[in-house]
Structure formats: structure tokens, C-alpha cells
Amino acid sequence: MTWLAAHGTEAIFWWFGSLAMVSAALCITRRNPVFSGLWLIVTLFSIAALFVILDAQFIAVLQVLVYAGAIMVLFLFVIMLLNLGRQVTTDLKGPTGAGIAVGLAGLLLFQLLILRHAAPSEVITLPAGSVARLAQEQGLVASIARPLFDTYLLPFEVTSILLLAALVGAVVLAMRKL
Amino acid sequence: MLLAPALSVSAVLFTLGVAGVLLRRNAIVIFMCVELMLNAVNLTFVALAQQLGVAGQLFVLFVMAVAAAEAAVGLAIILAIYRHRHTVNLQNINLLKG
């Protein structure tokens, strides 16, 4: 029964993983930026599902809310504001550029796939299922919020200043005539 | 644990993002590819957080905040460029080219 449960999880993981990879490939090849954006949203949702499988349910909710909900709406809004929906010519690069891009990407993929076998040292590894157990004991949000407002308080405050700066910067850039 | 599958999916997604940046000329699509790369890295963080503690998930939180800030400022810059030159095609935006 545990074997079945484990392999069922792996099957679901690969299903969402392939969905993410296929829709990412469609995202970078569609001529119409609106379709690109919509395929990217499918990718983001699949990654949220992967987060759930990897014991990060709160991050998955944030992924849907922040990425698919806020950032992608902003992207689609700008695409439609600039009226880029009807592209007559493709903006994909020609054979030379595409060849260089695919070659470089293939090299990078080769290097990254070697890292797949990387395993963290036994000394620093937590026992299996300890993150899920922590979430069960303290609650999903509390298990993340506790270190956030304790160990990582300073980065958290710096992030809020960064967001304020980005807010002001975006308004200034959008309002002023450059 | 699913560490190796997660790292594989993450590697493929990151590569697709890099390929998109190299392949496209539309500034907004290039921006979306950058978001795709950030997401691939987030997946790595979450996968490793299973074995190395919740801190990895916290870093995903910070990456999301930085990505939101980057998207807001970047899209404002693209809007400003579009108002100035009436295009978002990077082939026509070559002021810095000698």
C-alpha cells in the first residue's frame, strides 16, 4: 500500500511536471504574446501543484495568488494596453539566432541535468517527512511565519522597503514623459 | 522525497526560460521568460526545503517579492519605451548600439 501511495504521488508529480514543461515550451514559441501569457499561466498553476506535492502548500497558494493572480494579470493588461495581440510578423529570431539559442540552451540543460544527481550531505539533512510533520504540528502558515518573523526579520523588512521603492519607481516611470 | 524529479523539471523549465530569452525579440515575452526562470529556481528551493528545512520556502517568499517588484518596474519601463518609440521589438530599440 505504501509502495502504491509513493508511486501514485510520483505519477501525479510527473503529470504536472510534464504539463509545466509542455506549456512552457508552448509559451516561448507562440507568436501572439497573449497566448504566450496564457500558456505561462498554465505553467505557473502546474508549478503550484508541484509545490503541493513537495509539502509546500502555503507557497502553492501564494504562487496562485501572487504569480497567476497579480503578476500575470499585470502582464496581460500591459499586452492588451499596448495592443500587441495581433502580431502579423513573428518576433522569433531567424535560423542563425534560433540555432545559437537552441545550442546554448542545450549546453545549459546538459550541465543542469548533471546537477540532478546532487544530494545534500547526510550531516545537514533532516529526517524524511520532518517538514510535513512541522507543518502538521504548528500549522501550515505558522511553520513558515515563525522563522520569517524571527531569524529572517531583517530580510523581511528590507523586502518591504524594496517593494515601496518599486511602487514609487513604477509610478514615476509611468507618469513622467521620458 | 521526489528530489531528483523536481530538480529535473526545474532544470528543463530554467532552460526553456533561457531559450525564450535568446529566441524572442518581444520585450514583454522576454520578461515572461525571466519569470519562468525565477519559477524554476523556486521549484529547486522548495524541493531542497524538504530535506534542508523550511528556510528554503522562506526564500521562495523573498524571490516572489523581488519578482513582483521587478515586474512592476520593468513593465513601467516598457510602457515608457513604447510611448517614446511605438514598439516593444528589441530589434528597433538600439540606442546603445554604436
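Trainee: Hi! Where does this model come from, and how many helices and strands does chain A have?

Mentor: Hello! The model is predicted. Chain A has 7 helices and 0 strands, so read from the N terminus its elements go α-α-α-α-α-α-α.

Trainee: And is chain A compact or spread out?

Mentor: Chain A is more spread out than a compact globule, because its radius of gyration is 21 Å, well over the 16 Å that the globule rule gives for 178 residues. Along the principal axes, its C-alpha trace spans about 55 × 40 × 30 Å.

Trainee: What about burial in chain A?

Mentor: Of the 178 residues in chain A, 31% are buried. The accessible surface of chain A is about 10800 Å², and carbon and sulfur atoms hold 71% of chain B's surface and 74% of chain A's.

Trainee: Let's switch to chain B. Which elements does it have?

Mentor: Chain B runs α-α-α from its N terminus, with 3 helices and 0 strands. Its C-alpha trace spans about 50 × 25 × 20 Å along the principal axes.

Trainee: What radius of gyration does chain B have?

Mentor: Chain B has 17 Å, while a compact globule of 98 residues would be near 13 Å.

Trainee: How much of chain B is buried?

Mentor: In chain B, 62% of the 98 residues count as buried. Its accessible surface comes to about 3500 Å².

Trainee: Now the contacts. What share in chain B joins residues 24 or more positions apart?

Mentor: That share is 54% of the chain B contacts with a separation of 6 or more. For chain A, 59% of the contacts between residues at least 6 apart in sequence join residues at least 24 apart.

Trainee: Which residues touch the most other members of the largest nonpolar core?

Mentor: Those are Ile59(A), Phe75(A) and Leu13(B), in a core of 65 residues.

Trainee: Why does the core lie between the domains of chain A?

Mentor: Domain 1 (7-87) and domain 2 (126-178) of chain A both give residues to this core, so it lies between them.

Trainee: Back to Leu13(B): what does it touch?

Mentor: Leaving out residues up to four places away in sequence, Leu13(B) touches Ala20(A), Met21(A), Ala24(A), Thr43(A) and Ile47(A) in chain A. In chain B, Leu13(B) touches Leu36(B), Ala40(B) and Leu43(B).

How values were computed. Residues numbered from 1 in each chain as written. Chains lettered and ligands numbered in written order. Predicted model: local features only at pLDDT ≥ 70, side-chain atom pairs only at ≥ 80, totals over all residues. Heavy atoms only, no water. Helix = DSSP H or I, 4+ residues; strand = E, 2+ residues; numbered from the N terminus. Rg over C-alpha atoms; globule rule 2.2 N^0.38 Å. Buried < 20%, exposed > 50% of the residue type's maximum accessible area, 1.4 Å probe, protein only. Contact = heavy atoms within 4.5 Å. Areas by Shrake-Rupley, 256 points an atom, 1.4 Å probe, with all protein chains shown as cover. Core = buried A, V, L, I, M, F, W, Y, C linked by side-chain atoms within 4.5 Å. Domains from an automatic or database assignment.
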